[in-house]
Amino acid sequence: MTAMPLPNSDLAGESWSFMLRIYERPGVAEACLRLQDDAGADVILVLMTAFAAQRGIPLSSSDLDAMVAHCRPWRETVIDRLRQLRTDLKTGPEPAPNDATETLRAQIKASELCAERIENDMLAAWLQRQPTTSAPPQNTPVIELHRQIATLLALRGDTGPAIAASIDVIVAASAAL
């Protein structure tokens with residue numbers, strides 16, 4: 001069986017550009033890492049949710065569940081393994097860390113970023129296949145985005161104060177773009 005190629009869509013390019021721009025905003029990188037490390041969040045999925053909200057693409061709780069299910073195999077099989085390997089090389093095993101293993105670590109980091117771009121493209125293709133609606137969201141875009149990200153994280157468990165503060169940073173940065 002051959003895998004379907006990902007479409008090279010404008011939406012994929014726009015969403016990736018959005019993710020790079022929002023990640024550069026003050027506090028966003030730290031907030032994303034906190035969500036990833038402390039709440040098990042898929043940062044690409046969180047940022048794609050912010051992108052969808054900015055584009056006026058409504059996402060229900062079942063849409064968020066479907067997005068998680070759509071990219072879970074790729075994330076767990078490829079991205080999570082690359083991230084774990086990169087993280088492990090910070091402290092070992094022998095001979096790490098040294099200059100040679102730092103070069104390897106940098107290559108793995110580049111591969112991890114490439115894998116995240118593929119996840120972005122998968123999610124953009126998923127968004128393109130969804131029916132559009134002219135119905136306005138039930139809440140303001142900021143409240144709606146906060147609700148959607150909180151829903152994503154609730155699927156993973158943790159929604160404490162530090163997590164809520166991280167969501168606030170991402171929502172504010174998204175609104176500012």
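Q: Before we look at the helices, how do angles between axes run?
A: Axes are lines fitted to C-alpha atoms, and angles run from 0 to 180 degrees between N-to-C directions. Please note that this is a predicted model.

Q: Then at what angle do the axes of helix 4 and helix 5 cross, and within what distance do they come?
A: The axes of helix 4 and helix 5 cross at roughly 170° and come within 9 Å.

Q: Why is helix 4 called roughly antiparallel to helix 5?
A: Angles over 145 degrees count as roughly antiparallel, so the crossing makes helix 4 roughly antiparallel to helix 5.

Q: Which classes of residue are in that contact?
A: The contact of helix 4 with helix 5 has 14 nonpolar, 10 charged and 2 polar residues.

Q: Changing topic: what is the volume of the largest pocket?
A: The largest pocket has a volume of about 580 Å³.

Q: And which residues lie nearest its centre?
A: Of the 20 residues lining the largest pocket, Tyr-23, Leu-33, Arg-86, Glu-112 and Glu-116 lie nearest its centre. By class, the lining has 10 nonpolar, 8 charged and 2 polar residues.

Q: Which helix gives the most to that lining?
A: Helix 5 does, with 5 residues. Helices 1, 2, 3, 4 and 5 each supply at least two residues of the lining.

Q: What about the largest nonpolar core: how many residues has it?
A: The largest nonpolar core has 40 residues, and among those with the most contacts inside it are Leu-35, Met-48 and Ile-170.

Q: Which helix gives the most to this core?
A: Helix 3 gives the most to this core, with 9 residues.

Methods: Residues are numbered from 1 along each chain as its sequence is written. This is a predicted model: local features need pLDDT of at least 70, side-chain atom pairs count only at pLDDT 80 or more; totals for chains, interfaces and linings use all residues. Side-chain values use heavy atoms; hydrogens and water are left out. On a 1 Å grid over the protein atoms alone, a cavity is a set of points where a 1.4 Å probe fits but cannot get out, and a pocket is an open set with protein on both sides within 12 Å along at least five of seven lines; lining residues have an atom within 4 Å of a point. Grid points are joined across faces, edges and corners, and a volume is the space filled by probe spheres set on the points. Helices (H or I, at least four residues) and strands (E, at least two) are DSSP runs, numbered from the N terminus. Ala, Val, Leu, Ile, Met, Phe, Trp, Tyr, Cys and Pro count as nonpolar, Asp, Glu, Lys and Arg as charged, and the others, Gly among them, as polar. Angles under 35 degrees count as roughly parallel, over 145 as roughly antiparallel, 65 to 115 as roughly perpendicular and the rest as oblique. A nonpolar core is a set of buried Ala, Val, Leu, Ile, Met, Phe, Trp, Tyr and Cys residues joined through side-chain atoms within 4.5 Å. Buried means under 20% relative accessible area, exposed over 50%, partly exposed in between (1.4 Å probe, protein chains only).
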